[in-house]
Amino acid sequence: HIRIKKGDNMKINIKLDSNITDIEVVIKSPELSNDVIAIKDLVEKALASTQKIIFYKDDTEYFIPLSDILFFETDDNKVYAHSYDNFYEVKYKLYELESIIPFYYCRVSKSAIINLRAIYSLEKSFSGASTASFSKSKKTVHISRHYYKIVKEKLKEMR
């Protein structure tokens, strides 16, 4: 057993059992609160993030770790995944990707989802929008005014 005490009202218990083959998550709570729903949603998203996405370029399929993808963006009704030095087509819409990619990705505009872990800098403009840059890449992503605050909050949570 591994026990982790989280504040006065929450405990996390992890029980390792070599006799089972599947992960089972049990949430015990006196009521179905917003916190319980948020925990359930996070667990579902974490488990969904193990889903593999196939990336395409020309006639070749690529199997790239999601952590290597800087951002996803739409262009001419297609969705592209950008790595540090390349880009690939994916067969999902952005809204579909949001439900299967890990928590460290965040929508930053109507046409882009960004890997928050890959951000090197945020440059804010006078209009309230901003631009995200990545280390080891010249690529940048526009972050709309509407999403800027959300991105900043998620970055704080992760650091």
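The model is a predicted one, and the protein in it has 3 helices and 12 strands.

**Overall picture**

- When contacts with a separation of 6 or more are considered, residues 24 or more positions apart account for 44% of them.

**A nonpolar patch on the surface**

- Four residues, namely Met-10, Ile-12, Ile-14 and Leu-16, form a nonpolar patch on the surface, and together they have about 340 Å² of accessible area.
- Ile-14, one of the residues of this patch, has its place in strand 2, which covers residues 10-14.
- With a relative accessible area of 35%, Ile-14 is described as partly exposed, because that category covers values between the 20% under which a residue is buried and the 50% over which a residue is exposed.

**Ser-137 and its surroundings**

- Ser-137 lies in the loop between strand 11 (130-134) and strand 12 (140-143), and at 15% relative accessibility Ser-137 counts as buried.
- If the neighbours within four places in sequence are left aside, Ser-137 is in contact with Leu-70 and Tyr-84.
- A polar atom of the Ser-137 side chain lies 3.2 Å from the backbone oxygen of Tyr-84.
- Ser-137 and Asp-85 are 52 residues apart in sequence, and the distance between them in space is 6.8 Å from C-alpha to C-alpha.

**Charged pairs**

- Side chains of opposite charge can pair when their charged atoms come close.
- The structure holds 2 salt bridges, and one of them is formed where the side chains of Glu-89 and Lys-91 meet, at 3.7 Å from N to O.
- Lys-91 is exposed, with a relative accessible area of 54%.
- The side chains of Glu-98 and Arg-107 also meet in a salt bridge, with 3.2 Å from N to O.
- In this second pair, Glu-98 is partly exposed, with a relative accessible area of 29%, whereas Arg-107 is buried, with a relative accessible area of 15%.

**Aromatic rings**

- A pair of aromatic rings is described by the distance of the centres and the angle of the planes.
- The count of aromatic pairs in this structure comes to 7.
- Among them, Tyr-62 and Tyr-88 form a tilted pair, with 5.1 Å from centre to centre and 55° between the planes.
- This pair links distant parts of the chain, since Tyr-62 is in strand 4 (residues 60-62) and Tyr-88 is in strand 7 (residues 87-90), 26 residues apart.
- Tyr-62 is partly exposed, with a relative accessible area of 30%, whereas Tyr-88 counts as buried at 9% relative accessibility.
- The rings of Tyr-80 and Phe-87 have their centres 5.8 Å apart and their planes at 75°, so this pair is edge-to-face, because planes over 60 degrees apart are classed in that way.
- Tyr-80 counts as buried at 18% relative accessibility, whereas Phe-87 counts as partly exposed at 40%.
- Ring pairs also link Phe-72, Phe-103, Tyr-104 and Tyr-105 into a cluster.

Notes. Residues numbered from 1 in each chain as written. Predicted model: local features only at pLDDT ≥ 70, side-chain atom pairs only at ≥ 80, totals over all residues. Heavy atoms only, no water. Helix = DSSP H or I, 4+ residues; strand = E, 2+ residues; numbered from the N terminus. Contact = heavy atoms within 4.5 Å. Patch = residues over 30% accessible without salt bridge, like charges linked within 9 Å, V, L, I, M, F, W, Y side chains within 5 Å. Areas by Shrake-Rupley, 256 points an atom, 1.4 Å probe, with all protein chains shown as cover. Buried < 20%, exposed > 50% of the residue type's maximum accessible area, 1.4 Å probe, protein only. Polar contact = N/O pair within 3.5 Å; in protein donor to acceptor, adjacent residues only side chain to side chain. Phe/Tyr/Trp six-rings, centres within 6.5 Å; stacked < 30°, edge-to-face > 60°.
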